[in-house]
Amino acid sequence: MAASCVAASELLHNMNKQISVFYPKVSCVVRRLSTSSSRCDAQPQPTAQSAPQHLIGVVGLEIHAQINSNTKLFSGSSVRFSAPPNSLVSFFDASLPGTLPVLNKRCVEAAVMTGLALNCSINRKSLFDRKHYFYADLPAGYQITQLRRPIAVDGVLNYSLLGGKKRNQVIRKTVCIKQIQLEQDSGKSLHDDVRSQTLIDLNRAGVGLMELVMEPEMSCGEEAAAAVRELQLILQALGTCQGNMSEGQLRVDANVSVHRPGEPLGTRTEVKNINSARYLARAIDYEIQRQIDVLQRGGTVQNETRTYDSKSGETIPMRDKEGLQDYRFMPEPNLPPLIVYEDNASLPTGIEACQAVVVQKIREGLPELPSVKRDRLVQTYGILPEHSFTLVNEDGLVEYFEAVLRATKKEPRKVIGWVTNELLGHLKLHDVSVSQSPISPPALAELLELQETGHISSSVAKQVFQEMWRSSGKTAPQIIQEQDLGLVSDAAQLHSICQKVVDSHPDEVQAIRNGNKKVLNKLMGLVQKETKGRADPVSVRAILKELTS
């Protein structure tokens, strides 16, 4: 047995060594599969006999993030979602002869800030290129992008996902960012099947994009979705992209392939324009399994572009990619090299700081990133890791939680339950954001203080919360007074109510006296029903114990 374990260990070591020489990015995939405890890695591990037959998935992502800017990348046209068709189009956007691009400084600063947050190297000199292809919604017949030298390269995205049996174990992972490049968006084609015609809306044409290219280092849909969610949170924290996937502000293309460990990467397919992290996970997992099934049947995976049908849960072929498309890349003749400066001291004579993009200034303005914020919440307040994910994932919820804590003496672990269960539950039910909540942090803190100091029970506190939500503007003390919800403070009255419940339930009393202490909870519930939740549970339990002893 020991000899076979040693042999298997040596085989895996040699396999990883061989992969690291020829495919350095793949080696970390195999290593993660053998050590990670995430759900997507919970599959049979390679052994000396089964490793050559075991197919694993490899996933890389290309993400187009719409830059949060008032105007487009190379023109002064406004950027606004759902504006009337063709109402936000300049002469340059429509590619009229004689028009020239003027670079938007805000877009450059957004790309630099994003690169810094993702630990990228910022190229002090980057170049623009023309990428030629024909789309009906691309008026010029080419896209201005960055091929030869993008603005940022060689970054790392650190992301986490919850694993383990109870989904409460934080699993930390990383994926390398090959590059971030600036480029134009195209317009939008609107297909009218009734009239058999296609209409073109150029409002989106020329909108600034950051294309982020991730290396093929993920192994399943869950990892890819977690990476995209983390990137979305980072972009929103930076303010460089609003990240609303339903509005097309964050669009994901997934490159998926399967292979056997130790062998070259398989033929990849590209699943285009996925607009939901949940659909991304499903599309990737379906595509991995589809390719495995094709190979196990003796077939060949085609190099093609596919789309994901959320209704059927399947990927569907769009077009093949067997023929290499010639984009005829060429330097953009109307734009000089893009220069950014490290600090004010490096600025050339005659150029003021407000006219240039200064990396040091942008670095100093970086906000607290989501991963740092989650760790701080856990360490500072002692909350569970899964609660930190819930707080950070909802825009404004961390600030709300901390504002409540500043106004109450209640322990953070008790406050977190109210914020993530009661408040967030009502927000989701009524489809409103944290900023639209009718209950402010001070108002919730006041309610929790009343519960903490024994003025109301926990059940009444939830009842008051619901009334505060319905009656915006009413305070907790007002509601308690109007509806007479305060705790029964008269000891004699409470003793009388408990005596009445005990006298009317002799069977339960006998069961308690025979040693079944759990029945006491039933009697407590009956007392609370009599008092409409206004009885102090501690006092009720003490009285009932005395009466049933």
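The following legends describe close-up views of a predicted model. Local features require a pLDDT of at least 70, side-chain atom pairs count only at pLDDT 80 or more, and totals for chains, interfaces and linings use all residues. Residues are numbered from 1 along each chain as its sequence is written, and side-chain values use heavy atoms, with hydrogens and water left out.

**View A. The nine-stranded open sheet.** Nine strands are arranged in the order β2-β6-β7-β10-β1-β11-β12-β13-β14, with mixed pairing. Strands are DSSP runs of E with at least two residues, helices are runs of H or I with at least four, and both are numbered from the N terminus. Two strands count as paired if DSSP finds at least two bridges between them. The edges are formed by β2 (121–122) and β14 (314–320), each of which pairs on one side only. Strands β1 (residues 56–66) and β10 (residues 208–214) are antiparallel and share five bridges; E62 has V213 in β10 as its bridge partner.

View B. Strand β11 (residues 250–259) contains H259. This histidine, H259, is buried, with a relative accessible area of 3%; buried denotes under 20% relative accessible area, exposed over 50%, and partly exposed in between (1.4 Å probe, protein chains only). The C-alpha atom of H259 is separated by 5.7 Å from that of I56, although the two residues are 203 residues apart along the chain. Strand β12 (residues 269–274) has five of its six residues buried. β11 and β12 run antiparallel and are joined by four bridges, with V252 opposite I274 of β12. With strand β13 (residues 304–309), β12 pairs in the parallel sense over three bridges, and K272 has T307 in β13 as its bridge partner.

**View C. The β8–β9 hairpin.** Strands β8 (residues 188–192) and β9 (residues 197–201) run antiparallel and are joined by five bridges. H191 lies opposite T198 of β9. Four residues lie between the strands of this hairpin, in which S196 adopts a positive phi near 55°.

**View D. The three-stranded open sheet.** The strand order is β5-β4-β15, and the pairing is antiparallel. β5 (142–145) and β15 (330–331) are the edge strands, each pairing on one side only. Four bridges connect β4 (residues 129–132) with β5, and K131 stands opposite Q143 of β5.

View E. Helix α9 (residues 397–406) is largely enclosed by the rest of the structure, because eight of its ten residues are buried. The buried residues are L397, V398, Y400, F401, E402, A403, V404 and L405. Among the elements that cover them are α7 (370–381), α8 (385–393), α10 (412–430) and α11 (441–452).

**View F. The second largest pocket.** This pocket holds about 840 Å³ of space. Of its 28 lining residues, Q232, L233, Q236, N393 and D395 are the closest to its centre. Two or more lining residues come from each of α4 (221–238), α5 (277–296), α7, α8 and α9; α4 provides the largest share, five residues. At least three lining residues are drawn from each of domain 1 (56–331) and domain 2 (370–483), the bounds coming from an automatic or database domain assignment. A pocket is an open set of points on a 1 Å grid over the protein atoms alone, where a 1.4 Å probe fits, with protein on both sides within 12 Å along at least five of seven lines; lining residues have an atom within 4 Å of a point. Grid points are joined across faces, edges and corners, and the volume is the space filled by probe spheres set on the points.

Technical notes: Contact = heavy atoms within 4.5 Å.
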